[in-house]
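This briefing walks through selected parts of one protein model, topic by topic. Keep the sequence and the 3D view open while reading.

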Amino acid sequence: MSGPLEQLTAEAHRLMAAGELAAAERTLADALADTNGNPTAASPAIADAAGLLAHVLVALGEPESARGWAAYAHTANRRLHGPDDGRTVRAAATLAAVLHRVGAHARAARLYREVIHRLSTMEGEHGADTIAARADLATVLHARGECAEARALLAEVWEDHRAVYGDGHPAGIKMLARLGAMARDCGDLTAASRYFADVRALSRARLPADHPMVAQIEALAAAAPAPGHTCREAPNPPGTDPTPSESGGQGGDPSPTPSKSGDDGDGRDAGSRHRRRVPIAIAAIVGLLVAAGVAIAARRGSDAPSRTAAPATTSQATSASQGVTTSPAASPKRASSSAPAPAPPTGLTLNDGRDHVALRWTYPDGAHGAVMISGGRKGQPRHVFQRLAAGTTTYTVYGLADRFDYCFSVAVAFPAGVALSSAPVCTARAAARSP
């Protein structure tokens with residue numbers, strides 16, 4: 001029989017499926033209010049609730065606040081299930097993504113290498129999750145300024161992805177576009193031009209003209225270099241960027257020493273930080289984030305609400321006494337004036353491509369908030385798995401299993417913690433298979 005915490009976690013899942021993220025956060029924050037700050041004493045129910053709270057905070061654009069719960073749940077899952085369990089590996093991948101989002105690139109890279117090692121053992125180095133994690137690592141290395149290694153790794157990952165899925169797979173085409181963006185950020189415009197020319201050729205040959213990714217690729221190709229990006233090492237001479245067939249190794253020790261339990265990679269207690277829940281498939285979601293050059297969620301500015309602090313720890317108190325803040329920072333409160341009249345997205349439609357689903361909707365008039373995509377298997381709770389810029393009206397979900405039906409909804413964030421969701425739309429594959 002489930003206890004009160006499990007029931008509150010289930011209620012939070014329901015609220016998330018309805019797009020009510022602020023309500024889900026309040027539910028989980030209340031449920032975890034008296035949680036012991038030591039993650040090694042957490043029960044499975046607490047670890048699950050902490051992980052879900054981290055996911056909600058990330059979906060709300062608060063990676064700093066999510067960091068505490070991400071590390072907390074990672075440490076708890078490691079103790080409960082061991083370092084090689086899928087739940088622990090996914091928690092480590094989530095923590096690494098959060099660390100990347102908050103700028104802790106060295107620690108994120110270290111965790112990603114551990115995740116890659118574990119996944120390579122579990123599913124092989126060419127498994128979908130392993131490939132996605134390797135692509136994530138390349139993005140982190142590029143952000144750190146280790147550009148040559150990052151570009152060589154992503155080129156190798158693209159080759160491996162192409163060998164498994166073919167050169168026309170949308171996720172692979174996005175990886176190639178990301179390679180072009182990396183080259184452009186590094187000032188290698190010749191290599192960038194070559195990559196984007198290859199991407200456009202593949203798009204024309206493999207994707208229908210009205211495919212949403214065609215416009216996404218054009219936007220990425222037309223974008224300016226990332227402001228402030230610098231490469232630590234001397235960049236490759238123009239035009240000498242490693243092509244997929246010339247790419248080198250993955251970079252870094254393929255079997256690094258795992259971070260100690262209770263440490264998120266910088267020596268601070270992981271009780272002050274957790275994991276993301278991986279919806280639909282880790283390869284589908286993580287791969288999309290990397291290939292599109294997007295982190296987990298774009299953090300909102302001054303309109304972000306205050307968020308639940310992670311459990312305090314001894315190491316946090318020590319740092320605070322030395323004038324160093326290590327706990328997640330509270331965000332400024334939302335402005336309460338001149339808020340638009342809340343209205344959900346309308347006209348949500350679905351175009352089923354079996355291994356992918358293209359969604360279209362109408363963004364509500366007067367709204368300025370981010371778009372959140374929720375999805376899941378038909379008959380199961382839907383969870384937020386992607387956050388998009390305000391005004392977005394299309395999105396394509398990849399990596400779906402064609403034997404299952406899926407349901408999706410779209411929500412828009414408004415001031416005062418309000419998020420209104422469209423009615424869900426679902427695929428009808430089971431009906432189509434019926435005689």
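Strand β4, residues 383–388, is mostly covered, with 6 of its 6 residues buried. The model is a predicted one.

- Strand β3 (residues 371–377) runs antiparallel to β4, and 5 bridges join the two.
- One of these pairings links I373 to Q386, its bridge partner in β4.
- Together β3 and β4 make a hairpin that has 5 residues between the strands.
- G379 sits in the turn of this hairpin and has a positive phi of about 90°.

**An open sheet of 3 strands**

- Another part to look at is an open sheet of 3 strands, in the order β1-β2-β5, where the pairing is antiparallel.
- Its edge strands are β1 (346–352) and β5 (394–398), each of which pairs on one side only.
- On average, neighbouring strands of this sheet are turned by 20° against each other, direction ignored.
- Strand β2 covers residues 356–362 and is joined to β1 by 5 bridges, the two running antiparallel.
- T349 has R360 in β2 as its bridge partner.
- As background, side chains in a regular strand alternate between the two faces of the sheet.

**Helix α10**

- Helix α10 spans residues 189–206, which is 18 residues.
- From its first C-alpha to its last, α10 reaches 25 Å, close to the 26 Å expected at 1.5 Å a residue.
- Which residues of α10 are buried? They are A191, A192, Y195, F196, V199, L202 and S203.
- Seen down the axis of α10, these buried residues fall within an arc of 125°, so they line one face of the helix.
- R204 and A205 are exposed, and they are carried on the face of α10 turned away from its buried side.

**Nonpolar cores**

- The largest nonpolar core has 84 residues, and among them W69 and L154 touch the most other members.
- Helix α3 (residues 44–59) gives this core its largest share, 12 residues.
- Leaving out residues up to four places away in sequence, L154 touches A135, A138, M175, R178, L179 and M182.
- Another core, of 19 residues, lies apart from the largest one; its members include L359, V371, F408 and V425.

**Two buried residues**

- E62 lies in the loop between α3 and α4, the latter covering residues 63–81.
- Is E62 buried or exposed? E62 has a relative accessible area of 0%, and it counts as buried because that value is under 20%.
- V98 is 36 residues from E62 along the chain, and the C-alpha atoms of the two are separated by 9.6 Å.
- A97 is found in helix α5, which covers residues 86–101.
- A97 is also buried, because its relative accessible area of 6% is under the 20% cut-off.
- Between the C-alpha atoms of A97 and L111 the separation is 9.2 Å, and these residues are 14 residues apart along the chain.

How values were computed. Residues numbered from 1 in each chain as written. Predicted model: local features only at pLDDT ≥ 70, side-chain atom pairs only at ≥ 80, totals over all residues. Heavy atoms only, no water. Pairing = 2+ DSSP bridges. Helix = DSSP H or I, 4+ residues; strand = E, 2+ residues; numbered from the N terminus. Axes fitted to C-alpha atoms, helices over the stretch in contact; angles between N-to-C directions. Expected span 1.5 Å × (residues − 1). Buried < 20%, exposed > 50% of the residue type's maximum accessible area, 1.4 Å probe, protein only. Arc of directions from axis to C-beta. Core = buried A, V, L, I, M, F, W, Y, C linked by side-chain atoms within 4.5 Å. Contact = heavy atoms within 4.5 Å.
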